[in-house]
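This report describes selected features of a protein structure.

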Amino acid sequence: MSTHHDVVIVGGGNAGISLAAKLRRMGCRDVAIVEPKQVHHYRPLLSYVAGGLAAMDDLTREQSRCIPEGCTWYTDEAMAIDADRAVVRVSTGEELHYNDVAVCPGSRVDWDAVPGAWEAVGTTVAATNYLPEMAEKTWTMLSSLTAGRAVFVISDRHVPCAPVGLKPLFMAADHWRDAGVLGAIEIDLLVEGERLVNHDGADRELRAAAADYGVRVRTGARVEAVDASARTLRVRTAGGSDELGYDALYLAPPHRAPEWVAESGLATAESDGFVAVDPRTLQHRVHPRVWGLGDVATVDTLPSGGALRKQVPVVAHNIAANRAGRTLRHYDGYSVAPVTTSRRELLLAEFDRDGRPQPTISTPDLVRPRRSTFVFDRYLEPQIYWHRLLKGNVS
């Protein structure tokens, strides 16, 4: 079976739904979305669930309520894209022919990258909020700890908005302080990259907050394996390899692209299995009617929801511009990392792909932790997401 659509969007998360709505607002009459999930998650709130300040109901909607009016929704899984034939093949065997295709299915946790990690999160003393089904478990684990060692691991291997993995740490540390048990808990932070965030001012603020809670910070630290039964990690740093025990383990684990991306020829040797696009135009480097955005695309900057606000209008504009032979618009690599430093304050790091600050407003300085930015991120941003961003109101 085969069907033709003007634009096919693979993925019904933030990127896919926002792009579909934007295209519809621009007059595109035939947009199809391929997304098997029946529920839609506002994923930035998962870190608040892991910190005990939100519930899963706060971030969950039926997918049918999010699909833009006038779009065709295929509740199937994408299996392959044949860019030469301009076809998306779905799990039913149906082929969806397209004029343009936008690839944005997100990334997946790569448990194989850290042997033993999957077995560890199957126990009561290890968890991650990068899987929605484990977010509540994360807070149960952290809030019940009254003594021992808590280890927080932040990978830099394609983790969506990796600095946000620091939110559960700071919210838990603040909780332990209020409960009077902070002094009985050793907190280790293992960050695979060299900085906590790619922004000088925000990095200093986060290191100062960590020092205030007595957190032992190690950058350039890669977890090579986890022994769930012994509750130990094998950690490699520039100085060599050692073991670290834990009583509670939080993981922001490595991610990978869906396997079919590389199998479809959309990756290159340099893209590590991800969709190889020009990071400025978001057009595929080989196939000009293929576009990539979000966590699955090689955009040379931190993947984040805030980055999508800039990427979606670029792709929507460039689809039309490419057809008309007009100049393509460029994405400047803007990204944002909102990180709590307590259960009341949050800082906002905004930067481009080179780490240069790119604040949305000049005053006040949002890199300094503030109550106002905490309230905005926790309570106002979700409403903007549901009622504006998913409606295509991005520019």
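## Basis and cavity search

On a 1 Å grid over the protein atoms alone, a cavity is a set of points where a 1.4 Å probe fits but cannot get out, and its lining residues have an atom within 4 Å of a point. Grid points are joined across faces, edges and corners, and a volume is the space filled by probe spheres set on the points. Two cavities of 30 Å³ or more are found in a search of the whole structure.

The model is predicted: local features need pLDDT of at least 70, side-chain atom pairs count only at pLDDT 80 or more, and totals for chains, interfaces and linings use all residues. Residues are numbered from 1 along each chain as its sequence is written, and side-chain values use heavy atoms, with hydrogens and water left out.

## The largest cavity

The largest cavity holds about 100 Å³ of space. Its lining comprises 14 residues, and Val-114, Val-153, Leu-251, Pro-253 and Pro-254 lie nearest its centre. Two or more lining residues come from each of strand E11 (148-154) and strand E17 (248-252); strands (E, at least two residues) and helices (H or I, at least four) are DSSP runs, numbered from the N terminus.

By class, this lining has ten nonpolar, one polar and three charged residues. Ala, Val, Leu, Ile, Met, Phe, Trp, Tyr, Cys and Pro count as nonpolar, Asp, Glu, Lys and Arg as charged, and the others, Gly among them, as polar.

## The second largest cavity

The second largest cavity has a volume of about 30 Å³. Asn-14, Ser-18, Gly-305, Leu-308, Arg-309, Val-312, Leu-389 and Val-394 line it. Helix H1 (14-25) and helix H9 (305-324) each give two or more residues to this lining, and H9 gives the most, with four.

## Strand E8

Strand E8 (residues 95-103) is largely enclosed by the rest of the structure, because seven of its nine residues are buried (under 20% relative accessible area, 1.4 Å probe, protein chains only).

Strands pair if DSSP finds at least two bridges between them. E8 pairs in the parallel sense with strand E1 (residues 2-10) over eight bridges, with Ile-9 opposite Ala-102. Parallel pairing with strand E19 (residues 290-292) involves three bridges, and Val-101 stands opposite Val-290. Strand E7 (residues 87-90) pairs with E8 in the antiparallel sense over three bridges. In the hairpin of E7 and E8, Gly-93 takes a positive phi near 95°.

## Thr-340

Thr-340 lies in strand E20 (residues 335-340) and counts as buried because its relative accessibility is 0%. Not counting residues up to four places away in sequence, Thr-340 touches Tyr-48, Lys-167, Phe-170, Met-171, Glu-345, Leu-346 and Phe-374 (heavy atoms within 4.5 Å).

Key:
Buried means under 20% relative accessible area, exposed over 50%, partly exposed in between (1.4 Å probe, protein chains only). On a 1 Å grid over the protein atoms alone, a cavity is a set of points where a 1.4 Å probe fits but cannot get out, and a pocket is an open set with protein on both sides within 12 Å along at least five of seven lines; lining residues have an atom within 4 Å of a point.
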